Amino acid sequence: MTSVLDYVAKGLGVRIVGAPGSGRTSLLKGVVAKLEEDGATVYTMFAAPALAAVPFAGVLSLGLDLRSRTVGILGIVDLLSVQMARTGVHLIAIDDLENLDRESLAVVDVLRRRSNVPLITTMNDRPFQPRTSGYLGSIPEATVSLAPLEYEQMSKLIVETLGHPAEVDVVANVLTKSGGNLRLAIRIIQTSALSGRVILKDGRWCMNGTTLINEHLHGTVEALFQGLRPEEVRALNKMSLLGPSPVDRLVAAVGEDNLDNLEYNGLISVIEGPDGALLAAVFPPIVDDYLRAHTLSSRRILRSAVTDHVVAEPGHHPAPVDADDMLSASISVLRKQMGSNHAAATRYFQQRRDAFEESCYQSWKRDPSLSNAVAILKVYWGAPANPHRIHEVLRQTDSDGGEPGDLVLFTMSLACWQLSHEKNLPGAIATMQALSSKEPGLRREAEAIIAFLRTSHGGVPVNQDHLFADIPEQGSQGGIIPTIKAMLELYHLNPRKAQSIMDSAEGNPGFPPVESFIRGMAMLSDGREEAALVMALEFREKALQNVDQVAFVSQSYIAALSLLHHGLFDEAEYLAGRAFSLGKPGFLVESLHVAMLRLSSLRDAVPATSLGLTPESNGRENGPLPGFGTGLHDLAASRPASAKAFDERASRIIEKSLARGFVFEAMHTGLFALGLLPGPRVRSLLQRILEDRAMTVHQQLLTVAGAAIEMDLPRLRHLLDSYVLDGDTFQVSMLLRGAEQRCQLSGEPAVASEIRRAAKDFAARFGVVGTLLDFRSEPPGSSLTLREIEVALVAGQQSNQDIAEQFGISIRTVESHISNALRKTDTTTRKQLADLIRNAPKSLAAGTIAASQATS
């Protein structure tokens, strides 16, 4: 709404473009209400397809008193011209412009040419019809496009509609089925609750079954077919049974004209297939579900009519088995993607993934061998887990006689499932110990997995080198040992050592998605965020083509961390939202999924429960990697009463991470906290972490932080003027913003003003594009009692004796009040304390005066 109002204020017309159901009418109503509230006169016409052929239907919707003399286009124009000549701001608003009748359209066109009155319209995002395109184009106008809803918006919509947050799977299902369409999303949410497809459990909406399609949705879906010809409906049915298919093949099957008309009506979407070919699919996905359910249950011969097309598709399988410049290029690619609707591509990914899962499961049913069991369990490492099938495979698979590598992966999957599904760490460790006892040749692999499980949920072993001293990296089953060693080195912030381990293990069969994750995270922690981003985006696209949800989630996590480091919150949240839209992932990458949920909520400090986090996943303050614990989110959501209090809290969180060996997370938390509200303890801890590992990255940032914390303005100016461009420019801007707030909290408004100017110059010099977090502390003095505020206000000018006589209290009490106020506000002198309270927000001062008057 803000963009529309800004354009109107500049005298421009505005065209609001969006698909049917995108919320364009609601937006127009909100804009009109705001304009009328501000004193403007808005003439609003509402059009509709049923009234497109009714003369003057749009004009009549104005509710004007049209007498006989005004009959005809020019007569109505004369009447409206007289009204618009009156004093005040006048505008015309038209909803659904493409369906406005020709006569009303002519009235508006002539009227605009006479009076140059601004026009606000809503229209479809489909190609314009020729009869409309010749009108209303003579006056400059701006365009506001309504993009489809993303994951976070859908999560908030569910809360607004049903009053409680929803689990990730519910949000992902609504987002995918609706195609991001607001109207469809609301109907799916409402009818899912009405039909019991979602149920409220422990304050969160959860899936009750596998689908959201229900009988109450039929009318909504059928309304989308309004205006279609019978042959177009038959074409949709064929496409639904065929699934995503090459466009040239569909032209032969259903006809080019039918495809064009269906695309015009927004009922098909084109996506890129695994081999780069363009595929067309029914859209939005809820329509595909509806058609598929009705067609498959009918006795018509449509299924056989498309069999030849399905069989004749060669090579197409629904589920195949198988620094600055860099940053700018990556951001450019991402922003092009952000304006697109990915619901069809998401649906296609899910269909191929589910088909592959079914294929693996049926293979295991025919032959419950160890190798087939590992194949289906690997699917559940990344794909949404099916507890019934997992339990069936784990119970009924004969593990004797299989390959040692398969036995390790099977047992590891069992242990990870016990940890993820049952929250049973002792049981998971016991499972691996049993393997070690039963198969002495696999003892080293079992001990490595045990170390990983204990580390990820406890802390890095004190003597990690000794733990792996007698375990050779070469020849380990499935590359387990080098992979785990490298992961533990990442936890301990030894990125180059982690890279070296993976390099030495090349040629040893392993799990490529985990290897690429380790390499990307090593680059990220070593200060090469741009290179990590480029690699992550490339691997993420390959994961989409290969239907690899483990790689897609893990690479999205790396890319999101890199983007957050540069303050690109919109882009990071977009990537996370794409990962969320696939549904809750499997048990191997579930922790990364939860971490992205927390990281995506940092900008607005959204409570974690509103994003679908369960109490179990929301409990630990520290974790092995950024976002795995709650500490970072808690800091972003806090409103500290003083800079000292924030510094102490952040330091405690970092120290706990260090005590558990989670050094990577400690460094990341330190960088983030330094940007929110810099303090000496956090800076000292961060510097010690980097020095202990001989890492020179972030040194300029730490030096600037030292000068800002000490309020050494000459030195700070010199450091900023001589700053050499690196990957921390956004972090420096955040730091300066936090330093300004620190000075305000400490009663140094003049220093804060100087730092604000320095920050502005720095951002202009380096072209910092990131979004600064709107981190807010409590107002200065908000933690003081009423009496402490009263005493503090006069402490800078009066003696203790005078204050005691003024308020009728003892000198000892005055001393106590002043001492408490100095401690709570982190000030050092009475004058500094008095200036701080005097410059506090007016609400604090007004409250003090009112309370003083009431007391007297």
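**A loop, and onward from there**

Author: Happy to! D96 lies in the loop between β3 (90–95) and α5 (102–115), where helices (H or I, at least four residues) and strands (E, at least two) are DSSP runs numbered from the N terminus. Before we go on, please note that this is a predicted model, in which local features need pLDDT of at least 70 and side-chain atom pairs count only at pLDDT 80 or more, while totals for chains, interfaces and linings use all residues. Residues are numbered from 1 along each chain as its sequence is written, and side-chain values use heavy atoms, with hydrogens and water left out.

What draws the eye to D96 is its backbone: phi is near 70°, a positive value in a residue other than glycine. Is D96 buried or exposed? Its relative accessibility is 11%, so D96 counts as buried (buried means under 20% relative accessible area, exposed over 50%, partly exposed in between, with a 1.4 Å probe and protein chains only).

You will find D202 in the loop between β6 (198–201) and β7 (204–207). With 70% relative accessibility, D202 counts as exposed, whereas D96, as we saw, counts as buried.

While we are on the subject of loops and backbones, look at P284. The loop between β10 (278–282) and α14 (285–296) holds P284, and the peptide bond that runs from F283 to P284 is cis, with omega near -5°.

V221 belongs to helix α10 (residues 218–223) and is buried, having a relative accessible area of 1%. If neighbours within four places in sequence are left aside, the contacts of V221 are I286, V287 and Y290 (contact means heavy atoms within 4.5 Å). How far apart are V221 and V287 in sequence and in space? They are 66 residues apart along the chain, and 6.2 Å apart from C-alpha to C-alpha.

S240, in helix α11 (residues 230–242), is buried with a relative accessible area of 1%. Beyond its neighbours within four places in sequence, S240 meets V282, D288, L291 and R292.

Apart from neighbours within four places in sequence, E573 is in contact with E152, S600 and R603.

Now for some cysteines. C206 counts as buried at 8% relative accessibility, and C360 counts as buried at 10%. How many disulfides are there? The count comes to zero, taking a disulfide as a pair of cysteine sulfur atoms within 2.5 Å.

Next come two helix pairs. Helix α20 (residues 404–421) packs with helix α21 (residues 425–438) at an angle of about 165°, their axes being 7 Å apart (axes are lines fitted to C-alpha atoms, for helices over the stretch in contact, and angles run from 0 to 180 degrees between N-to-C directions). The two are therefore roughly antiparallel to each other, a label for angles over 145 degrees. On the α20 side the residues are L407, V408, T411, M412, L414, A415, Q418 and L419, and they meet L425, G427, A428, T431, M432 and L435 of α21. Sorted by class, this contact holds ten nonpolar, four polar and no charged residues (Ala, Val, Leu, Ile, Met, Phe, Trp, Tyr, Cys and Pro count as nonpolar, Asp, Glu, Lys and Arg as charged, and the others, Gly among them, as polar).

The second pair is helix α37 (residues 729–745) with helix α38 (residues 749–766), again at about 165°, with axes 8 Å apart. These helices, too, are therefore roughly antiparallel. Their contact draws on T729, V732, S733, L736, A739, E740, C743 and Q744 from α37, and on P749, V751, A752, I755, R756, A759, F762, A763 and F766 from α38. Here the classes are twelve nonpolar, three polar and two charged residues.

Let us finish with L725, in the loop between α36 (713–721) and α37. L725 counts as partly exposed at 43% relative accessibility. Its C-alpha atom is 7.5 Å from that of F766, 41 residues away along the chain, and F766 is one of the α38 residues in the contact with α37.

Notes:
Angles under 35 degrees count as roughly parallel, over 145 as roughly antiparallel, 65 to 115 as roughly perpendicular and the rest as oblique.
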